[in-house]
Protein chains: 2
Amino acid sequence: MYPVITISREFGSGGHTIGKKVAEQLGIPFYDSEIVERVAIESGYDKEIIEDQGEYTSVLEKYFTTNLYAGKYFETPQDQMYRIQANIIKDLAKKGPCVIVGRCADYILESEDVKTLNVFIHADIKSRQVRVEKKYGKTDVPIEKRLAKKDKGRKAYYRYYTDRQWGDYKNYHMNIDSGALGEDKCVEILTSVAKDY
Amino acid sequence: MYPVITISREFGSGGHTIGKKVAEQLGIPFYDSEIVERVAIESGYDKEIIEDQGEYTSVLEKYFTTNLYAGKYFETPQDQMYRIQANIIKDLAKKGPCVIVGRCADYILESEDVKTLNVFIHADIKSRQVRVEKKYGKTDVPIEKRLAKKDKGRKAYYRYYTDRQWGDYKNYHMNIDSGALGEDKCVEILTSVAKDY
């Protein structure tokens with residue numbers, strides 16, 4: 001049986017697209033927006049807020065909201081979303097092989113009786129720039145800043161909820177550079193690894 | 001044309017064996033002991049010393065020897081070996097596609113006009129224990145200590161000469177877990193990536 005494939009990725013590295021294609025080739029579900037929808041139903045929060053808060057955090061913001069809510073015996077909205085999201089991820093993973101993008105899924109599933117293949121996808125600035133500008137258009141913000149901002153949010157979110165370093169090879173079975181290998185080759189090797197896993 | 005494949009590896013992860021098999025499958029040279037031999041000829045140092053110092057360092061030792069030699073206008077023996085080794089690596093890489101294990105080859109070749117595929121191989125403690133005890137036998141030292149000692153030396157050596165973090169995904173095109181994927185699968189995907197690179 002194929003594993004549950006979790007994909008963490010640098011912004012603009014094509015991780016979403018690669019994950020989707022791998023799921024298609026293996027004939028297994030691909031979860032990204034479905035998770036957001038389920039969190040929205042269960043939490044009552046707006047989808048946009050969930051997309052914004054469901055895998056990004058600012059260290060400063062986290063510090064202030066945590067202190068704001070501390071000792072008041074209830075969770076911060078982001079902690080609540082994390083909890084709901086984590087349960088949904090566990091639930092989906094138990095249904096069978098699938099691909100899950102982002103959201104600390106590698107960490108969340110570690111405690112579960114689920115076989116995972118944890119993948120981290122990264123790329124050089126140039127290939128990420130091409131992908132981001134094609135998908136979201138150009139802006140006045142320099143590309144390095146644009147990429148760093150998103151990655152910083154994902155990194156801080158991962159750090160806060162897992163107490164681990166985002167991208168650290170110890171947390172993944174594979175870290176691959178989609179810029180050097182190319183999107184298609186990434187899809188090919190991940191599919192091949194999943195089949196023999 | 002195939003790239004020059006550099007392989008960095010955790011102790012006991014099977015990186016040497018995987019690299020050798022990849023070279024065989026691609027029909028390209030595999031450099032490991034040949035580098036040691038050439039460094040021995042050019043430096044006059046004993047092979048055993050080169051094997052010991054050619055990719056391992058202790059932070060403390062490095063600190064003392066560097067200070068000992070500082071201002072005396074000559075290199076420490078390890079710095080001299082590094083310089084000779086780096087030139088040999090550049091020389092071998094320019095001859096054509098090959099596999100080079102360890103010795104900061106990824107960093108050394110960055111400044112050269114050579115296409116590289118930089119790979120870092122790691123594995124869980126258990127699979128590394130099996131491999132190390134099969135190859136070198138059991139000792140009284142707990143396996144975690146035995147693995148950590150070698151890795152610490154490689155890490156410090158890499159850090160000293162490259163000013164980078166050993167294993168950091170940013171320095172490699174692929175980090176792969178040979179424990180989870182298996183040696184044969186690692187050989188298969190590296191060969192496949194090299195062919196399409």
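Which residues of H7(B) are buried? I looked this up in what is a predicted model.

**Helix H7 of chain B**

I find four names on the buried list: Ser127(B), Arg128(B), Gln129(B) and Val132(B). I then asked what the buried residues of H7(B) pack against. Their partners are helix H8 (143-162) and helix H9 (178-181) of chain B. I also checked the length. H7(B) covers residues 125-136, which makes 12 residues. From first C-alpha to last it reaches 16 Å, close to the 16 Å expected at 1.5 Å a residue. Next I looked at what follows the helix. Gly137(B) comes after H7(B), and its phi is positive, near 85°.

**Aromatic pairs**

I searched the whole structure and got 16 aromatic pairs over all chains. One of them joins Phe120(A) and Tyr172(A). This pair is tilted, with 5.2 Å centre to centre and 50° between the planes. I placed both partners. Phe120(A) sits in strand S4 (residues 116-122) of chain A, while Tyr172(A) sits in the loop between helix H8 (143-162) and strand S5 (174-177) of that chain, so the pair ties together parts 52 residues apart in sequence.

Tyr169(B) is buried, as is Phe120(A).

Ring pairs link Tyr82(A), Tyr157(A), Tyr160(A) and Tyr161(A).

**Lysines over rings**

I looked for charges over ring faces. In chain A, Lys150(A) lies over the face of Phe11(A), 5.3 Å from the ring centre. In chain B, Lys150(B) lies over the face of Phe11(B), at 5.3 Å from the ring centre.

**Cysteines**

How many disulfides does the whole structure hold? My search over all chains finds zero. I checked Cys104(A), which is in no disulfide. Its nearest cysteine sulfur belongs to Cys98(A) and is 16 Å away. The cut-off for a disulfide is sulfur atoms within 2.5 Å. Cys104(A) is buried, with a relative accessible area of 4%. Cys186(A) is in no disulfide either. Here the nearest cysteine sulfur is that of Cys186(B), 16 Å away. Cys186(A) is buried, with a relative accessible area of 0%.

Definitions and conventions
Residues numbered from 1 in each chain as written. Chains lettered and ligands numbered in written order. Predicted model: local features only at pLDDT ≥ 70, side-chain atom pairs only at ≥ 80, totals over all residues. Heavy atoms only, no water. Helix = DSSP H or I, 4+ residues; strand = E, 2+ residues; numbered from the N terminus. Expected span 1.5 Å × (residues − 1). Buried < 20%, exposed > 50% of the residue type's maximum accessible area, 1.4 Å probe, protein only. Contact = heavy atoms within 4.5 Å. Phe/Tyr/Trp six-rings, centres within 6.5 Å; stacked < 30°, edge-to-face > 60°. Lys NZ or Arg CZ within 6 Å of the ring centre and 35° of its normal.
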